[in-house]
Amino acid sequence: MTPPFSSPAPDHDPHDEIIPVLDFGGQTTQLIARRLREVGVFSTILRPDTSADELRAMQPKGIVLSGGPASIFEEGAPDMDPALLRLGVPVLGICYGMQLASRHLGAAVTRAEHREYGQANLTIADDSDLFHAVPSPTTVWMSHSDQVAALSAAHLQPIASTPTCPFAAVRSTDPQVTFFGVQFHPEVTHTPYGTDLIRNFAYAVCKCSGTWRMTEFAETQINRIRRVVGADRVICGLSGGVDSAVVTALLKRAIGDQLTCVFVDNGLLRRHERQLVETTFKDHFNIDLRVLDASKAFLKDLVGVTDPQEKRRRIGHRFVEEFKAAAEEIKGARFLAQGTLYPDVIESGHGHSGEAANIKLHHNVGGLPEELGFELIEPLRELFKDEVRKLGEVLGVPDSILWRHPFPGPGLAVRILGEITPERLEIVRSCDEIVLEEIISADLYRSTSQVFAVLLPVQSVGVMGDGRTYENVVAVRAVETRDFMSADWARIPFDVLARMSNRIINEVRGVNRVVYDISSKPPATIEWE
């Protein structure tokens, strides 16, 4: 089932200036749209095969072609409508998008002698528009095995290069085609001046005025919800986190008493989570809240399960079953709303192109079967976490809710490596409570993005008192990030880590060793499962 909010329809764009991004399956495609929105230009993501006629109807100020994991030489590799290059609007091709458009313009694309991945030094030959005010040389982020090899037949000229990529950026010299291509990724933070390049494309090349704001996104989504829902009722699945809180506020603003929220206690929650949700959403939002205690059913489903994907699948299946049961008691319920964000979508392999790699299932994305029985509403699926918080501010959501650290839909099940048992749940729940208490006490909660404890399927030898122990190992994970697509481990002061470790070992029976996770994302994910 295609969510009704997967991308704005051409006749309902929230602004008269739009630069759509054609998604060829890149893991960072949404970052392109996000960077455009950051500089004040509305952007949305479209299928890679979106026709020139469809694009013309949107009256775009420009078009961006994203990167992607495929090689243009692969059978079935995603293609584009070459007519979009002659719509009379500027086009920017990034990585795969550059290669594809350049080939359609007549350039030769070959497999590179050396696959280029990571940082590279870019020398700029022309800083008149796309690279205006970008220093040369500068650092850029590369990730490619194919590259443009010859330009003579394509009316393209090089405007930047690296030691291994002579055509790292190109421009069309054809007066009927305004095309720029960059082999690197300006959308990622590893390209320090990438946002400047995207700003230059939007303003110097596309001549945008930059007046789009989050308030317009909110109004567009509110109007869309009203149009789609009509007089029917919506069930919103609450988790107690930022995303579901913002969805609830958005729905409340749009449809008022047509909203019923359902909170499922799956037995995999943090300590006192259920009580917090009941108090917050009944008191602050004044909504119809139904609480279901399904903890026994969830835990029964997880007996003997150790594979992380299977955990997520079973939790997703049970989640759907519980909502079906809840819907039978809610008259006129036709829609299910969820706080799915873009990192959930892209990691589940559900990008607009259908080409994105599946990194992990999310209970509120890949785990929802077609026989759900509801129509799905996911008004945040185009946003990142920090954008959701900005939307929450627009909607008046309190800071105490907006700045809560994320908690995964599958709960503590993905913070227990191995089998889920009541005893192991109690261990990780107690450890999590201590970790958060120490982070808050040290005034580090707002400066970190996510902090939690993970129970490992490992036991180690220890000494307590005069006796030998052979007990569990707990890992502490703390990260800093803007968008949760990439993240770095947080440099928590040693004295804070020491207090966490001492308290966990002394207060949580069954743990005799604590370790600290210093992995970044990528290559690791933020959650361990």
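These legends go with close-up views of a predicted model.

**View 1. A five-stranded open sheet.** Here β12, β11, β10, β13 and β14 line up in the order β12-β11-β10-β13-β14, with parallel pairing. The edges belong to β12 (288-293) and β14 (375-377); each has a single partner strand, so one side of each has no neighbour in the sheet. Going from one strand to the next, the twist averages 30°.

**View 2. Where β11 meets β12.** Strand β11 (residues 259-265) runs parallel to β12, and six bridges join the two. To pick out one of these spots, find V264 and look across to L292, its bridge partner in β12.

View 3. A disulfide is a covalent bond between the sulfur atoms of two cysteines. The model has zero disulfides. For C236, the nearest cysteine sulfur is that of C261, 4.5 Å away.

View 4. Side chains of opposite charge can pair when their charged atoms come close. The count of salt bridges in this model is 40, and R56 with D53 makes one of them, at 2.6 Å from N to O. Both sit in helix α2 (residues 52-58), three residues apart, which puts about one helical turn between them. R56 is partly exposed, at 46%, while D53 is exposed, at 54%.

**View 5. A link between distant parts of the chain.** K311 and E529 form a salt bridge with their closest N and O atoms 3.0 Å apart. K311 belongs to helix α9 (residues 308-327) and E529 to the segment after β18 (511-516), 218 residues apart. Buried or exposed, what is K311? K311 is buried, at 0% relative accessibility, and E529 is buried too, at 11%.

View 6. D432 and R415 form a salt bridge, with the closest N and O atoms 4.0 Å apart. D432 is in helix α13 (residues 422-441) and R415 in the loop between α12 (399-402) and α13, so the pair ties together parts 17 residues apart in sequence. Both D432 and R415 are buried. A network of salt bridges links E437, E438, D495, R499, R503 and E507.

Terms used:
Residues numbered from 1 in each chain as written. Predicted model: local features only at pLDDT ≥ 70, side-chain atom pairs only at ≥ 80, totals over all residues. Heavy atoms only, no water. Disulfide = S-S within 2.5 Å. Pairing = 2+ DSSP bridges. Helix = DSSP H or I, 4+ residues; strand = E, 2+ residues; numbered from the N terminus. Axes fitted to C-alpha atoms, helices over the stretch in contact; angles between N-to-C directions. Salt bridge = Lys/Arg side-chain N within 4 Å of Asp/Glu carboxyl O. Buried < 20%, exposed > 50% of the residue type's maximum accessible area, 1.4 Å probe, protein only.
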